[in-house]
Amino acid sequence: MKSLSTAIALAFAYLREKPLATLLNILLLGLGVGTIIALALTLSQLDDRMDRDAAGVDLVIGAKGSPLQLVLSSVFHVDIPTGNISVAEAAPVLASPMVRRAIPLALGDSYRSFRIVGTTSAYIEIYGAALRDGRIWNTSLEVVVGADVARITGLTVGKSFAGAHGLSEGGGDDADHADHADHADHADHRYTVVGVLKPTGSVIDRVILTSVESVREVHEDTKTQSPPGKHEHGAGDQVTAYLIQYATPLAAASLPRAVNASGALQAASPAAEIARLFNLAGLGIIALRGFALVMVLCAALGIFVGLMNALDERRADLALLRLLGASRATVFLTVIAQGAALGLAGVILGLAIGHAGIEWIGSALEKTHRLSLTGFTFAGEEIWLILGALLLSMLAGLVPAWRAYRSAVPELLNRA
Amino acid sequence: MIVDIRNLKAGYGSRVVVSIPALQIAKGGHTLLLGPSGCGKTTLLEVMAGIAVPLAGQVTINGTAVETLGAGERDRFRGRHIGVVMQRLHLISALTIRKNLRLAQSLAGAEVDDSRISSAVDALGISGKLDLYPRELSQGEAQRVAIARAVVNRPVLILADEPTSALDDGNCEAALDLLLEQSSACGATLIVATHDQRIKARFEHVVSLVGHS
């Protein structure tokens, strides 16, 4: 124990003697580890969040177009809808015994970039949400707002507001409706908040819920003011999409195929589309992770080269340690402790960079309402990353330490 | 007897560099090992310090048969009982003088004892240098630190390898004075190995070695 503490004290003195090289190694390792941690945190939270958002939805039925877009728009509320479908056309599919529940969605407007969703109270049930204040909508133009909506916009029971066309603030990312550059607020149809939901950690926190009829009513009137065909959402006997829950797992095999074969409807599975999305993003993620791994390897190489160079400079020191009574093991520990100390400092810095970075990005994203990220959580693979980086820095010290272990004492004594 | 060597053969591999039928050094009998380069002086010191293992024979230091000890035991024995002074006065540049001396204590397995360090440096007149780094010392001061390090654990034996051969006449005398004085002060027996004929007169016991080959 005594020789271990002596070795560690000496290792720290050696690292302090070369502050620039020491800091550089720690910084390089910290940046590499931090990048990997940030990626892991983002992916695991994104994955969790998407799983939670899609948990109660087995299938989405909507207008033909990109299935990914259909899922993104109807389940995650981050994209514009593919179009509207006729209720009459969907009716035979919804009547199938394989469908346990079908929830209609009428989309199109938003308030301060939170989407207004015309639906039924079943939508609240699939996310297991509960009311914190007030009640569910009864009549047209009554809305229930999600927890994040209430927190960020300050909407409470009794307040009223006018919806705007499109999805984001100012409707900018709503390409379909770009011609509505003035995107007149539906100022003559003001919604009134009658309820506020408790937080659930899912997408329902970030939407404004009302009846399908509300959305239709707002747009029936607008329709008369606009050229025909410009408004395609939720009007008349149309809805934007249906969220389907299966009555039996067997439905997954036949129902989507049946829907896709029929006319104007399209069926998309959220689980399959999430998988496809991660596949698409996969290459970028792999590249970024590879880059970070290269940084970590460079850091380990830096530790290795630094310790090898120091070994040559300190050959006489090592012989002296032996002369003063240090065992070979103590000399070995002195070198390996330097690698371990650099590794530990780099990992701690990396943890700080990764978590603080994600927390910072998360608080910036909060304002865009799209994704909530926090640095105050751990991803499962972090522990392996930490252990791996520590092991790698010790490995980097292994060869120099072994050479120190083997170096002969008499080198220092005069052979002349 | 502080040193008792019998039938010693020492060297590398199968090559015998030095062979000594018998050598006894009494406690306090400071001794000079004199001989030309390559006569095996350093090898003999290494054997006495437990750095090298003899090829044959017995080496008993202060009652301990060094050749029977294991590697780790020899390291501990050396740290605890033997002080070493080298021609190159190597100090660890990353540590202050105080920490260099503390290192000598802790590597020997002794408790760090700052009062012992103080008395050792006081005796050598370098007490004001304790918190400096080795690069801030003059050559003479570094030499005093090296001697302080050799005596700080109160060894029974101090082995010095060519401590004077790089010094001019004046410094040679001064260094030798310090070595002899400090060895006696801490109760150690000094053994100096050198080819430096200048210091022959200062020793009562002189062992002349001749090359084996």
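**A note on the two-chain model**

1. Helices here are DSSP runs of H or I with at least four residues, strands are runs of E with at least two, and both are numbered from the N terminus. Ala271(A) counts as exposed because its relative accessibility is 55%; the label exposed means over 50%, buried means under 20%, and partly exposed is in between (1.4 Å probe, protein chains only). The C-alpha atoms of Ala271(A) and Ala54(A) are 7.3 Å from each other, although 217 residues separate the two along the chain.

2. Before going further, please keep in mind that this is a predicted model, in which local features need pLDDT of at least 70 and side-chain atom pairs count only at pLDDT 80 or more, while totals for chains, interfaces and linings use all residues. Residues are numbered from 1 along each chain as its sequence is written, chains are lettered from A and ligands numbered from 1 in the order in which they are written, and side-chain values use heavy atoms, leaving out hydrogens and water.

3. How confident is the predictor about chain A? The average pLDDT (the predictor's confidence in each residue, from 0 to 100) is 85 for chain A, and 88% of the residues score at least 70. Two stretches call for caution. Over residues 170–183 of chain A, pLDDT stays under 50, and the model has 19 contacts for them beyond four places in sequence; contact means heavy atoms within 4.5 Å. Residues 223–235 of chain A also stay under 50, with 27 such contacts.

4. Chain B holds an open sheet of five strands with parallel pairing, in the order S6-S7-S8-S3-S9. Its edge strands, each pairing on one side only, are S6 (82–85) and S9 (205–208) of chain B. Two strands pair if DSSP finds at least two bridges between them. S6(B) runs parallel to strand S7 (residues 157–161) of chain B, and four bridges join them. One partner pair is Val84(B) with Leu159(B) in S7(B).

5. Now to where the chains meet. 27 residues of chain A are in contact with 32 residues of chain B. About 2,500 Å² is buried between chain A and chain B, 60% of it on carbon and sulfur atoms; this is the accessible area (1.4 Å probe) that two parts lose on being put together, summed over both.

6. Which side chains form a salt bridge between the chains? Arg322(A) and Asp75(B) do, at 3.1 Å from N to O. The definition asks for a side-chain nitrogen of Lys or Arg within 4 Å of a carboxyl oxygen of Asp or Glu, and the count between chain A and chain B is one.
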